[in-house]
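Subject: Structure handover and notes

Hello,

Here is the structure for you to open. My notes follow below it.

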Amino acid sequence: MASSLGLFLNEDDLDEANRLSKKISYCQLAENEKNMVTNILEFNWDSEIQMVSNLLHFPHIMPDDKRLKWLLKGLKEQKHPYYVLAAATGVAGLKLQGKDAEEIVELLKDLSTSQPGVVALRAFMSLVEHLTHPKDTQFVLKFMHKSKSNLRYNSLDWLIENIKDTNELLSLLEDQEIPEDVKLEAIDRVNTPESEVQDRTNEDLHHFTFVPNLAEFEALRTKEQTLSELFGELDLDKDGLIGAEELRDFCEDIGQEITKEGAVRDIALVDANKDGKIDKDEWIELMFPKFNIQ
């Protein structure tokens, strides 16, 4: 019969891996099991992707003296992008101290601004408890500069939680870089009676808690890559933008009938500068839920 550790290491469902991890304490592992954990991380980093990912997601099943070393390695990983997500998830809730901790915080800041989608979200969610006002306020405020960034909700939650002076907060929201629709939405949220937001504040700091497993993550990356390549084909004049006609033609090609007026409306949903055209990132954001890879 497989041990709890063996089941955990090979489990590809994150919910089940989480359940199994709660039954495992590193200090209570047999010596051969402790050696197994170390050998996987030291010598099988590139071959045992599922096992390494699970250990990064649940780092309490690592030796204390090497935990930060491996989490740092995961956050810096380039060959296996899923390790970055797993490590960004794994550092949440850890009591970080010293130079390694400072490096992790800086890495999370970089990931939250440079990585796409769920990686940026998880990095920010692990980062928020290490951010303080006013030191990090401008860093957080930058996430509100994009109309369609999911992180604008997380950043607003942080601002409301950490800036107690409403006038100061409203003044910050006058930042000229914040799109008008985001600004109005934020001001409305700030002016909502405290009794209506108090119960949800702590929960709101953890918007979008979905974390894909390894297979789901690879499928998401494949889909993003396919959409990126399609954008290049549609962008005939190579100006980095496409308009309503190109969107309509593409939708017709994949069997989704749409009028030009409908394409204009769809583009307006993600068109940050309201020029009637969208760039590659906006294209991926718009088409991701519409486009299925067969």
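What share of the 294 residues in the chain is buried? Buried residues make up 47% of them. Buried means under 20% relative accessible area, exposed means over 50%, and partly exposed is in between (1.4 Å probe, protein chains only).

Please note that this is a predicted model: local features need pLDDT of at least 70, side-chain atom pairs count only at pLDDT 80 or more, and totals for chains, interfaces and linings use all residues. Residues are numbered from 1 along each chain as its sequence is written, and side-chain values use heavy atoms, with hydrogens and water left out.

Overall layout

The chain has 18 helices and 0 strands. Both are DSSP runs numbered from the N terminus: helices are H or I with at least four residues, strands are E with at least two. The C-alpha atoms fill a box of roughly 65 × 50 × 30 Å along the principal axes. Take the contacts between residues at least 6 apart in sequence: 63% of these join residues at least 24 apart. Contact means heavy atoms within 4.5 Å.

Aromatic pairs

Rings of Phe, Tyr and Trp (its six-membered ring) pair if their centres lie within 6.5 Å; planes under 30 degrees apart count as stacked, over 60 as edge-to-face and the rest as tilted. The count comes to 7 aromatic pairs. One of them joins phenylalanine 231 and tryptophan 283. The pair is tilted, at 6.4 Å centre to centre with 50° between the planes. Phenylalanine 231 is in helix α15 and tryptophan 283 in helix α18 (residues 280–287), so this pair links parts of the chain 52 residues apart. Tryptophan 283 is buried, with a relative accessible area of 0%. Phenylalanine 231 also counts as buried, at 5%.

Tryptophan 283 has another partner, phenylalanine 250. That pair is edge-to-face: 5.1 Å between centres, 70° between planes. Phenylalanine 250 lies in helix α16, so the pair with tryptophan 283 in α18 ties together parts 33 residues apart in sequence. Phenylalanine 250 is buried too, at 6% relative accessibility. Elsewhere, ring pairs link Phe124, Phe139 and Phe143 into a cluster.

Charges over rings

A charge sits over a ring if NZ of Lys or CZ of Arg is within 6 Å of the ring centre and within 35 degrees of the ring normal. Lysine 73 lies over the face of tryptophan 45, 4.4 Å from the ring centre. The charged end of lysine 223 sits over the ring of phenylalanine 288, 4.5 Å from its centre.

A buried aspartate

Where is aspartate 235 found? In the loop between α15 (214–234) and α16 (244–253). Aspartate 235 is buried yet has no salt bridge, meaning a side-chain nitrogen of Lys or Arg within 4 Å of a carboxyl oxygen of Asp or Glu. The nearest side chain of opposite charge is lysine 238, 5.6 Å away. (Lys and Arg count as positive, Asp and Glu as negative; His and the chain ends are not counted.) The side chain of aspartate 235 does reach the backbone nitrogen of glycine 240, at 2.9 Å. Leaving out residues up to four places away in sequence, aspartate 235 touches Gly240, Leu241 and Ile242.

Helix α5

Helix α5 covers residues 64–76. Its buried residues are Arg67, Trp70, Leu71, Leu72, Gly74 and Leu75. They pack against α3 (31–43), α4 (49–57), α6 (81–90) and α7 (98–114).

Best wishes

Conventions: Polar contact = N/O pair within 3.5 Å; in protein donor to acceptor, adjacent residues only side chain to side chain.
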